[in-house]
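Load the model in a viewer and keep a selection panel open. The stops below say what to select next and what is there.

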Amino acid sequence: MSIVENIEEVRLDEKAKVEYKRYGVHTIEDRAIFGEIDGLKPVARRLVWAAHKMGLKHNTPFTKAMKVIGETMGNYHPHGDAAINGALVTAVNQAEPLFEGSGNWGTMTENAAAPRYIECRLSKYADKIFLDPFYIPVNYMVDNYDASTKEPLILTSLMPNTLLNGNFGIAPGVRTQTPTYTMVSLTKVLVKSLVAGECNPKMCLPLKFTTELGGVLHTEDKEVRKELLRFYKTGKGKFVFDSSYTEHGNTIRIDKFAPVSNIAGILTKISNIAGVVNVRDDSSIKDRYNAYQVEFKKGLKGKELESTIAKVMDAFSSGVSFNIQVVEREPDGKGGSRKALRPATVPSVINTWIDYRVELEKKACSYWIEKRKVEIAYLQLLRLAVKNRRFIIKALDKKLDDEQLAKYIAKGLKITVDQANQILDLKIRQLKALEDKVLVGKIKKLNDEVKSYKVRIKKPKKFIAKQLIELCKELK
C-alpha cells in the first residue's frame with residue numbers, strides 16, 4: 001500500500017470544529033470549571049491532595065511553596081509551574097483558605113513573592129473539610145495522568161465548599177461564577193434543609209454573602225430580596241457589593257472590600273472628590289487585606305459629611321454577575337469517571353451536596369463497621385488463645401512441622417488453620433502478657449463503636465447536622 005492511499009481528505013473547517021470542541025470539553029471538565037461537590041478546580045484539588053500526600057497539615061511546619069508546586073506538577077498536574085503557583089496563591093488568599101501562607105503571598109496591590117521565597121501548609125479548613133481520616137478510605141480514586149499513582153475524583157467534602165469559596169471559571173463557550181457565603185449563615189441553612197428534607201429558594205434568603213476581600217451585600221433591602229429570590233430560582237443574578245468602613249471623627253478606615261480591580265485608579269478617583277484631603281494606606285500586620293484611611297476636611301459635618309463618605313464608598317462598590325454552572329464528577333462503574341457540565345442554582349447545589357453527604361456517611365460507616373468486625377474477631381481469637389494458653393505451649397513441644405502444628409492447634413481449638421497460624425505468629429511473651437479482662441474491654445469498646453456507626457447509618461442526617469454545627473464552631 002502506498003503512502004498516498006493512507007491519506008484521508010477532510011475539510012479544514014470541519015476538522016477545526018471537531019478539534020476545538022474536543023479542546024473545549026477537556027478545558028471545561030478538567031481545567032477551568034470547578035466540581036459541584038467539592039467546589040474545586042482540578043489544579044486546586046491536586047494541590048490539596050499533593051500537600052496531604054507530603055504529610056502537610058495545618059499544625060505541621062511550613063514548607064517551601066515550590067516543593068508543593070513540584071509535587072503537584074510531577075505527580076498530578078503536568079502543566080506549567082506558573083499556573084500551579086497562581087492557583088496556590090488563590091488558595092491562600094480566598095475567603096476560606098485551603099492553604100496557610102508564610103511570607104509575602106500578595107495583597108490587593110502587590111503580587112506574591114516567588115514560590116522559592118514563600119512557605120505554606122494546609123489550612124485547618126482543608127484538613128477538617130477535605131481530609132478527615134474517617135472518610136478518606138472510601139474516597140473514589142482514579143489514575144493520575146500517567147497511571148503511576150492514584151488521585152481522588154473529588155475530595156470528600158464535609159461542607160459544600162462550592163458555596164464557601166465562590167468560584168469563577170471561564171472556558172470556551174462557558175462562563176460561571178458562584179457566590180460566597182459566610183460559614184455561619186450557610187450552616188444554618190444546611191441544618192434546616194437536612195431537617196426539611198430538601199432546600200428551596202425561600203430557605204436560601206437568610207444566606208449572608210461575602211467576598212474574598214470581605215465585601216458585603218445588603219440583603220435586607222426589599223428590592224435586593226426580590227432579585228435574590230429570582231437568583232435562587234434561576235441561578236443567574238447581578239448584585240452590587242459594598243466595601244465596609246469604620247468612622248473615626250473626620251476620617252474613615254476602609255478595611256473590607258467589594259470585588260474591586262484597579263485599586264490605584266479608585267484611590268486616585270476618591271482623592272479628587274471634593275472634601276477629601278488625604279488618602280493613605282493604613283494596613284497593619286493584623287489586617288487580612290489592605291486598609292485605607294480617608295481623611296475629610298474638618299469643616300465637613302452632618303449631611304455634607306455623610307454625602308461625601310457615600311461618594312467615597314460608592315467608588316469602592318462593584319457589581320457582580322452570577323451564573324452558576326458546575327461540573328458533575330462521578331464514577332463510571334468501570335474504574336474511571338464521568339464528567340458533565342450543567343447549569344445549577346444555590347438550592348440545587350445544596351440538595352446535591354446533601355444527597356452526596358448522606359451516601360458518604362453511610363459508605364464510611366459501613367467501611368469502618370467491617371474493619372471493626374475484623375478487629376473484634378481477632379480479639380476473640382486472642383481470648384481463645386489466652387484460655388488455652390497451656391494447650392498451645394504444650395503443642396509447641398510436639399515434633400511437628402509448621403503445617404502440622406497449625407492443623408493440630410486448629411483441630412484442638414476448633415478453629416481454622418489460618419486462625420491457628422495467627423495464634424502461632426504471636427510471640428511467647430506477647431501470649432503470656434495477654435489478659436482476658438483487657439481483651440473483653442477492648443471488644444466492648446469496638447462493639448460500642450460499631451453500634452454508633454449503625455445508628456449513623458439509620459439516621460445520617462441527624463449526625464450530619466450535628467457535625468456541621470461542630471465544624472462551624474471549630475472553624476469560626
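**Stop 1: two helices side by side**

Select helix α11 (residues 346-387) and helix α16 (residues 436-458): their axes come within 9 Å and cross at roughly 160°. Axes here are lines fitted to C-alpha atoms, for helices over the stretch in contact, and angles run from 0 to 180 degrees between N-to-C directions. Helices (H or I, at least four residues) and strands (E, at least two) are DSSP runs, numbered from the N terminus. α11 and α16 are therefore roughly antiparallel to each other; angles under 35 degrees count as roughly parallel, over 145 as roughly antiparallel, 65 to 115 as roughly perpendicular and the rest as oblique. By class, the contact of α11 with α16 has 14 nonpolar, 3 polar and 11 charged residues. Ala, Val, Leu, Ile, Met, Phe, Trp, Tyr, Cys and Pro count as nonpolar, Asp, Glu, Lys and Arg as charged, and the others, Gly among them, as polar.

This is a predicted model, in which local features need pLDDT of at least 70, side-chain atom pairs count only at pLDDT 80 or more, and totals for chains, interfaces and linings use all residues. Residues are numbered from 1 along each chain as its sequence is written, and side-chain values use heavy atoms, with hydrogens and water left out.

**Stop 2**

I369 is buried, with a relative accessible area of 7%; buried means under 20% relative accessible area, exposed over 50%, partly exposed in between (1.4 Å probe, protein chains only). For a distance label, take the C-alpha atoms of I369 and K387, which are 18 residues apart along the chain and separated by 27 Å.

**Stop 3: α11 against α14**

Show side chains: Y378, L381 and A385 in α11 meet Q419, Q422 and I423 in α14. The residues of this contact divide into 4 nonpolar, 2 polar and no charged.

K414 is exposed, with a relative accessible area of 77%.

**Stop 4**

Select T345, in the loop between β17 (337-343) and α11. Is T345 buried or exposed? At 14% relative accessibility, T345 counts as buried. Leaving aside neighbours within four places in sequence, T345 is in contact with Y232, K233, T234, G235 and I324.

**Stop 5: helix α9**

Go to helix α9 (residues 263-271) and colour its buried residues, I263, I266, L267 and I270. Seen down the axis of α9, they fall within an arc of 100°, so they line one face of the helix; the arc is that of the directions from the helix axis to the C-beta atoms. An α-helix has 3.6 residues a turn, so residues three or four places apart point the same way. What covers the buried residues of α9 includes β13 (276-281), β14 (292-296) and α10 (302-315).

**Stop 6: A147**

Finish at A147, in the loop between β4 (141-143) and β5 (150-152). A147 has a positive phi of about 60° although it is not a glycine. At 52% relative accessibility, A147 counts as exposed.

Definitions and conventions
Contact = heavy atoms within 4.5 Å.
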